[in-house]
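These are my notebook entries on a protein model that I was asked to look through. I wrote down what I looked up, in the order in which I took the topics.

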Amino acid sequence: MQQPGAVVNGRHGARRRAHIAVLMALTCALGPVSALQAAPRTPQAAVPPLPAPTLPRPPVDLTPHDFSNAADFPSKADYAGGTRPDQIGRIIVSVMVNRQGPFQFALDTGANRSVLTPHLVTALSLPTDDGDAVMMNGVTGSAEVPTALVERVAAGDLTLLRQRLPVADGLSSGIDGILGVDGLSSKRILVDFGRRKIEIRASRLERPLDGVERIPAQVRFGRLMVIDAYVDGVRVKAVIDTGSQSTLGNEALRTALLASPKAQLENPKIDVIGQTLTTQKGERRSVQRIKVGTASVSAMHFSVVFGDFFVFKLWNLDTQPALVIGMDILGNLDSFVIDYGRQEVQLVARQQAPRYTTRTDSG
């Protein structure tokens, strides 16, 4: 179905496909599963990569801010490098595994564990162990997955040492793994889409961007960032999730919006596929406005996928209106900051936003 006539940088949004892949919220149980669960199983055929959907390009409306007084970055970055979107719009980070690579990992702020793909495990000859399988939770369901022991996972100076990581599909070709938030405690992520750069630094050594609203966040389940937002005037709890291709709404929000005279009647059904490859039905609905912060950012005439998705129950967000803000919104910004130390988010519009400068670290 053709989407509403949204325009981004003078181009009309592309036609959405009926199937979308959503990757987020990888929550792995601690410790091995029971002996019954860990019993040897017949090897399964490899799952081919999912077809890459065409990413929507909704408009993002934000008043530009003056960065002339923004602080320079005095500290050495834990990670600094170029980035690009993968086939479903996620942010790519270069990662070394056991001092080999670099490999392409998708940054996922909705994942509390980093993940290896089966093809990376095979390429590095890492043994997997069903006896140390973990239960992995995704947007649409949960599944038991094997694990692989790695001695070192490093993105710049961010390192995970001797970790047993889940092994699961990456949902798009060219992705070798998922970089979760397990190494981001007290860190500050800055993603600059204009310059195609990402920097991760110690939060305590950085100043917030001047002139940009500082949106306070609740930190749940370790490092899940939840902020307040509004969808057509309905207040919601919104999760900032760089691992999600699309923005998702729960049933409580859909019910609240149905009472609005602005409710749309034409709502095509689609399949939503999560990290565990479980499929749930979703309903695509156009909303007039998604507003984040007091006046920070608004997505106008935007399409949200609603459903009774497993992840909202997992996050205890199923009984109140809630939203997952995915890369279809975040990817249309000029830049954004996720600051785990200060527990806040900053969003900067793409339209005519003045550039700020970053220092090139020496050595």
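**Entry 1: salt bridges**

I looked up Arg285 and found that its side chain meets that of Glu283 in a salt bridge, with 3.2 Å from N to O. I note here that the model is a predicted one. Are Arg285 and Glu283 buried or exposed? Arg285 has a relative accessibility of 3% and counts as buried. Glu283, at 10%, also counts as buried, because buried means under 20% relative accessible area.

I then asked which residues are linked with this pair in a network of salt bridges. The network consists of Glu251, Arg254, Glu283 and Arg285. As background, I recorded that side chains of opposite charge can pair when their charged atoms come close.

How many salt bridges does the structure hold? I noted 15. One of them joins the side chains of Asp132 and Arg164, at 3.6 Å from N to O. This pair links distant parts of the chain, since Asp132 belongs to strand β10 (residues 128-137) and Arg164 to strand β12 (residues 158-166), 32 residues apart. Asp132 is partly exposed, with a relative accessible area of 28%, and Arg164 is partly exposed as well, with 29%.

I also looked up Arg342, which forms a salt bridge with Asp339; their closest N and O atoms are 3.0 Å apart. Here Arg342 is partly exposed at 29% relative accessibility, whereas Asp339 is buried at 2%.

**Entry 2: aromatic rings**

I searched for aromatic pairs and found that the structure holds one. Phe193 and Phe336 form this pair, which is tilted, with 5.9 Å from centre to centre and 45 degrees between the planes. Which parts of the chain does the pair tie together? Phe193 lies in the loop between β14 (187-192) and β15 (197-202), while Phe336 lies in strand β25 (residues 333-339), so the pair ties together parts that are 143 residues apart in sequence. Phe193 is partly exposed, with a relative accessible area of 22%; Phe336 is buried, at 2% relative accessibility.

I checked Tyr230 next. Lys291 lies over the face of Tyr230, at 5.3 Å from the ring centre.

**Entry 3: strands and sheets**

I looked up the secondary structure of the protein chain and recorded four helices and 26 strands. Six strands form an open sheet in the order β6-β15-β14-β25-β26-β16, with antiparallel pairing. Which strands stand at the edges of this sheet? They are β6 (79-82) and β16 (215-216); each has a single partner strand, so one side of each is left without a neighbour in the sheet. I followed β6 to β15 and found that the two pair in the antiparallel sense over four bridges. In β15, Glu199 is the bridge partner of Ala80.

I then turned to strand β7 (residues 92-97), which runs antiparallel to strand β8 (residues 100-107) and is joined to it by five bridges. Val93 stands opposite Phe105 in β8. The hairpin of β7 and β8 has two residues between the strands, and Asn98 takes a positive phi near 50 degrees there. β7 also pairs with strand β11 (residues 142-155), in the antiparallel sense over two bridges. Met96 has Ala154 in β11 as its bridge partner.

**Entry 4: Pro118**

I looked up Pro118 and found it in helix α1 (residues 118-123). Pro118 is partly exposed, with a relative accessible area of 41%. Which residues does Pro118 touch, not counting those up to four places away in sequence? I listed Val167, Ala168 and Asp169. Pro118 and Ala168 are 50 residues apart in sequence, yet their C-alpha atoms are 6.3 Å apart in space.

**Entry 5: the whole chain**

I ended with values for the protein chain. Buried residues make up 54% of its 363 residues. Of the contacts with a separation of 6 or more, 72% are between residues 24 or more positions apart. The chain exposes about 15300 Å², of which carbon and sulfur atoms supply 52%.

Conventions: Residues numbered from 1 in each chain as written. Predicted model: local features only at pLDDT ≥ 70, side-chain atom pairs only at ≥ 80, totals over all residues. Heavy atoms only, no water. Phe/Tyr/Trp six-rings, centres within 6.5 Å; stacked < 30°, edge-to-face > 60°. Buried < 20%, exposed > 50% of the residue type's maximum accessible area, 1.4 Å probe, protein only. Lys NZ or Arg CZ within 6 Å of the ring centre and 35° of its normal. Contact = heavy atoms within 4.5 Å. Areas by Shrake-Rupley, 256 points an atom, 1.4 Å probe, with all protein chains shown as cover. Salt bridge = Lys/Arg side-chain N within 4 Å of Asp/Glu carboxyl O. Pairing = 2+ DSSP bridges.
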